2 protein chains.
Amino acid sequence: MIKKFIVGIDLGGTNLKCALLDSNLKIKAKNSFDTKSFDNKERITQGIADSINSFIFKQGLNRSAILGVGIGLPGPVDTFGGVVHFLPNIPGWKEVNIKNNIERKTKLPVFIDNDAKLMSLAESKAGAAAGYSNALCLTLGTGVGGGLIINGSLYRGKDNAAGEFGHLPINEKGPLCGCGSWACLEAYIGNNAIIKEAVKIFGPEISLEKISRLAKKNNAKAVKFWNEVGKKLGVALSGVINLLNLDAVVIGGGVSCAGKSLFGSVKETIFKRAMSVQAKRVRVLKAKLGIDAGTIGAGYLVKERLGK
Amino acid sequence: MIKKFIVGIDLGGTNLKCALLDSNLKIKAKNSFDTKSFDNKERITQGIADSINSFIFKQGLNRSAILGVGIGLPGPVDTFGGVVHFLPNIPGWKEVNIKNNIERKTKLPVFIDNDAKLMSLAESKAGAAAGYSNALCLTLGTGVGGGLIINGSLYRGKDNAAGEFGHLPINEKGPLCGCGSWACLEAYIGNNAIIKEAVKIFGPEISLEKISRLAKKNNAKAVKFWNEVGKKLGVALSGVINLLNLDAVVIGGGVSCAGKSLFGSVKETIFKRAMSVQAKRVRVLKAKLGIDAGTIGAGYLVKERLGK
């Protein structure tokens with residue numbers, strides 16, 4: 001039998017990650033580029049196509065050995081039409097049919113989706129959410145992205161816009177949010193907000209990675225810092241857990257490396273604020289697939305669309 | 001062909017409603033009793049059985065013409081096991097297998113579920129949510145009950161505990177809630193909370209029905225009163241709409257009679273606070289089936305379980 005492969009692409013504001021996956025979605029080869037090294041939209045699109053083609057040449061594959069290409073994008077997309085509506089953190093993208101463009105450049109079937117949804121798909125199939133029917137998967141970074149698994153499948157909503165957990169209000173009044181509203185969870189615990197807090201406490205040289213390391217050494221200020229983030233996250237989660245009777249919450253992204261000063265506080269808040277049946281049911285877990293979640297999720301998208 | 005019927009029962013803290021439904025779930029006969037006229041759990045159970053049997057005798061039906069009995073209950077239940085965990089507003093019910101009991105008394109198949117879930121099922125099949133794939137149905141009364149329709153089906157969660165929209169926190173800090181947490185939506189807009197507010201504004205003789213009538217006559221205080229309720233409801237809804245990209249929100253229960261001073265304020269808050277794609281998609285609708293939603297929903301439960 002001829003071996004088949006899938007290419008998974010994860011375009012982020014910082015990195016463009018590409019992976020060659022076998023038909024079981026194990027990574028056979030991967031590479032990564034600085035997103036900012038591409039000057040504009042056309043260069044990024046060409047970079048993606050070049051990366052796909054280079055996998056084929058370098059691995060000596062027949063083009064027909066590639067089942068398809070999956071691409072995760074950091075913004076709202078029309079997953080069935082293949083159109084990127086816009087990318088909040090990468091300028092120049094507005095209603096771009098990247099599917100058609102890459103298909104023309106590679107002669108391969110291309111499927112696209114929002115990156116947080118693909119991370120959720122990957123975690124639910126092969127990561128921390130595997131085996132849980134109803135799960136919320138979160139990526140804590142610049143934005144607070146989310147994806148919902150309902151009855152074992154990725155839940156999209158009619159506009160493929162479901163999962164925006166970062167935009168749950170946790171107060172009636174509060175700080176302005178990038179989405180145009182205010183007091184959304186992301187306005188409190190998105191990286192920009194917590195770095196601002198961190199600088200006040202630890203001075204201008206601090207980074208979130210440093211605070212995570214300090215917290216693991218039981219530095220009281222660092223522990224308290226992550227506790228506060230966890231409390232706010234826990235309030236929003238309590239509401240969603242009450243509403244959805246979730247089996248699992250999976251937390252990924254840079255902030256998830258903060259360890260038990262974050263996770264402990266999330267769990268404690270859920271036990272205080274969610275209803276007892278729902279609180280007992282839910283498991284709060286760290287994401288498993290790390291930086292590969294996006295490209296692996298893109299692989300699952302291809303399999304799903306091709307019915308494999 | 002012999003005509004088939006279903007009995008739908010809706011046990012509430014105030015009334016026990018019973019309906020004889022034809023196989024299209026049209027009401028053929030109904031009756032209602034004051035729940036408090038039954039002294040205890042045994043009397044209520046006997047009252048339900050008597051009501052079912054009296055439909056059979058009065059309509060001159062053969063027992064085999066009844067496909068089954070559906071019962072909605074105002075609290076958490078094990079819908080598959082037939083057990084009522086407890087009823088917050090009716091004393092004496094704790095881990096009661098009402099299914100077995102009524103089956104013994106009536107020799108008919110009995111199915112039970114939470115009342116807010118059955119109201120949601122009815123509204124989604126034959127009411128305001130019909131034709132919408134993803135909808136949240138609310139009952140605004142003493143409690144703020146909810147049921148979620150996801151991909152066209154009632155969504156339960158593993159413990160049948162999903163739908164607790166009333167227990168979404170809308171602030172980090174706030175008034176204590178009956179559930180043991182605080183700052184839940186219900187703690188602000190459940191009947192007890194808003195009546196307390198109303199008495200402060202309108203004096204001790206006021207009722208919510210009166211405020212609704214006043215609001216419809218453009219009484220400024222009454223309009224403002226419902227506007228404030230709508231704002232709080234709108235904050236919680238904005239979060240859920242962002243998360244679930246809902247097609248519809250259906251609002252029922254006594255408070256839903258407040259009219260446009262409530263609905264207008266809910267919609268305005270959603271437009272201010274939810275993300276644009278989600279806000280544009282969602283329709284905010286008044287429930288259609290009124291006081292019959294519970295018994296009709298109980299009928300749909302029977303059909304669903306019997307695969308009819």
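The model is predicted, and local features are taken only where pLDDT is at least 70.

**Stop 1: chain A as a whole**

The chain has 10 helices and 13 strands. Its radius of gyration is 20 Å, close to the 19 Å that the globule rule gives for 308 residues, so chain A is as compact as a globular protein of that length. Along the principal axes, its C-alpha atoms fill a box of roughly 55 × 45 × 35 Å. Colour by burial next: 56% of the 308 residues in chain A are buried.

**Stop 2**

Colour residues 5-118 and 292-306 of chain A as domain 1, and residues 131-287 as domain 2. The centres of the two domains, taken over C-alpha atoms, are 27 Å apart. Where they touch, domain 1 of chain A contributes 9 residues and domain 2 of chain A contributes 11 residues. On the domain 1 side, β5 (77-78) and α3 (115-126) of chain A each supply at least two residues. That side is made up of 4 nonpolar, 3 polar and 2 charged residues.

**Stop 3: a helix pair in chain B**

Move to chain B and select residues 115-126, helix α3, together with residues 293-306, helix α10. At what angle do the axes of these helices cross? The crossing is at roughly 80 degrees, and the axes come within 7 Å. Angles of 65 to 115 degrees count as roughly perpendicular, and α3(B) and α10(B) are therefore roughly perpendicular to each other. Show side chains for the contact: α3(B) residues in it include B:Leu118, B:Met119, B:Leu121 and B:Ala122, and among those from α10(B) are B:Ile296, B:Gly297, B:Tyr300 and B:Leu301. By class, the contact of α3(B) with α10(B) has 10 nonpolar, 2 polar and 3 charged residues.

**Stop 4: where chain B meets chain A**

Display both chains. Each side of the contact is counted in residues: 36 from chain B and 36 from chain A. On the chain B side, the elements giving two or more residues are α7 (220-244), α8 (260-273) and α9 (276-281). Which of them gives the most? Select α7(B), which gives 7 residues. The chain B side has 16 nonpolar, 12 polar and 8 charged residues.

**Stop 5: two asparagines in chain B**

Most residues other than glycine have a negative phi, and most peptide bonds are trans. Centre on B:Asn160, where phi is positive, near 60 degrees. B:Asn160 lies in the loop between β11 (153-155) and α4 (185-189) of chain B. Then go to B:Asn218, which also has a positive phi, near 65 degrees. Are these residues buried or exposed? B:Asn160 has 20 C-beta neighbours inside 10 Å and so counts as buried. B:Asn218 has 9 C-beta neighbours inside 10 Å and so counts as exposed.

How values were computed. Residues are numbered from 1 along each chain as its sequence is written. Chains are lettered from A and ligands numbered from 1 in the order in which they are written. Domain bounds come from an automatic or database domain assignment. Two residues are in contact if their C-beta atoms, placed from the backbone, lie within 7 Å. Helices (H or I, at least four residues) and strands (E, at least two) are DSSP runs, numbered from the N terminus. Ala, Val, Leu, Ile, Met, Phe, Trp, Tyr, Cys and Pro count as nonpolar, Asp, Glu, Lys and Arg as charged, and the others, Gly among them, as polar. The radius of gyration is taken over C-alpha atoms; the globule rule is 2.2 Å times the number of residues to the power 0.38. A residue is buried if 20 or more other C-beta atoms lie within 10 Å of its own, exposed if 12 or fewer, and partly exposed in between; C-beta atoms are placed from the backbone. Axes are lines fitted to C-alpha atoms, for helices over the stretch in contact, and angles run from 0 to 180 degrees between N-to-C directions. Angles under 35 degrees count as roughly parallel, over 145 as roughly antiparallel, 65 to 115 as roughly perpendicular and the rest as oblique.
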